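Me: I have a structure to read and have not seen it before. Please take me through a few of its features in turn.

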Amino acid sequence: MPQRRSAHVNISESETRKLRRQLESEISWLHRQMEELRGDETELDLSLLQTYKEMIFSRRAMLGRIPR
């Protein structure tokens with residue numbers, strides 16, 4: 001039977017804050033990219049839009065698992 005790993009990692013508070021800021025920054029950048037894509041005069045690239053949504057979702061999920 002495989003051994004279960006702990007989901008917790010011992011990371012310093014400063015590293016945790018740094019990671020939170022990085023994820024928040026990436027989410028903001030992805031939101032801006034989505035808005036530019038939607039505002040573009042050319043045909044909307046639905047696959048790229050969906051990719052941005054999934055990237056935002058995954059980063060928000062990571063943020064939710066990081067202690068405050």
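Reply: Start with accessibility: a residue is buried under 20% relative accessible area, exposed over 50%, and partly exposed in between. Glutamate 13, with a relative accessible area of 59%, is therefore exposed. Keep in mind that this is a predicted model.

Me: Is threonine 16 buried or exposed?

Reply: Threonine 16 has 14% relative accessibility, so it counts as buried. This residue is found in helix H1, which covers residues 13-39. Not counting residues up to four places away in sequence, threonine 16 touches Ile11, Ile66 and Pro67.

Me: How are two packed helices described?

Reply: Two numbers are used: the angle between the axes and the distance between the axes. Here H1 and helix H2 (residues 46-65) pack at an angle of about 160°, and their axes are 10 Å apart. Because of that angle, H1 is roughly antiparallel to H2. The crossing of H1 past H2 is left-handed.

Me: Which classes of residue make the contact of H1 with H2?

Reply: The contact includes Leu23, Ile27 and Leu30 of H1, and Leu49, Tyr52 and Ile56 of H2. Sorted by class, it has twelve nonpolar, two polar and seven charged residues.

Me: What does isoleucine 27 touch?

Reply: Leaving aside neighbours within four places in sequence, isoleucine 27 is in contact with Ile56, Arg59, Arg60 and Leu63. Isoleucine 27 belongs to helix H1, and its 9% relative accessibility means that it counts as buried.

Me: Which pair links distant parts of the chain?

Reply: Arginine 59 and glutamate 26 form a salt bridge at 2.5 Å, N to O. Arginine 59 is in helix H2 and glutamate 26 in helix H1, 33 residues apart. Arginine 59 is buried, at 16% relative accessible area, whereas glutamate 26 counts as partly exposed at 24%.

Me: What about arginine 38 and glutamate 35?

Reply: Their side chains meet in a salt bridge at 3.4 Å, N to O. Arginine 38 and glutamate 35 are three residues apart in helix H1, so about one helical turn separates them. Arginine 38 is partly exposed at 41%, and glutamate 35 counts as partly exposed at 48%.

Note on methods. Residues numbered from 1 in each chain as written. Predicted model: local features only at pLDDT ≥ 70, side-chain atom pairs only at ≥ 80, totals over all residues. Heavy atoms only, no water. Helix = DSSP H or I, 4+ residues; strand = E, 2+ residues; numbered from the N terminus. Buried < 20%, exposed > 50% of the residue type's maximum accessible area, 1.4 Å probe, protein only. Contact = heavy atoms within 4.5 Å. Axes fitted to C-alpha atoms, helices over the stretch in contact; angles between N-to-C directions. Parallel < 35°, antiparallel > 145°, perpendicular 65-115°, else oblique. Left-handed = near helix turned anticlockwise from the far one by under 90°. Nonpolar A, V, L, I, M, F, W, Y, C, P; charged D, E, K, R; others polar. Salt bridge = Lys/Arg side-chain N within 4 Å of Asp/Glu carboxyl O.
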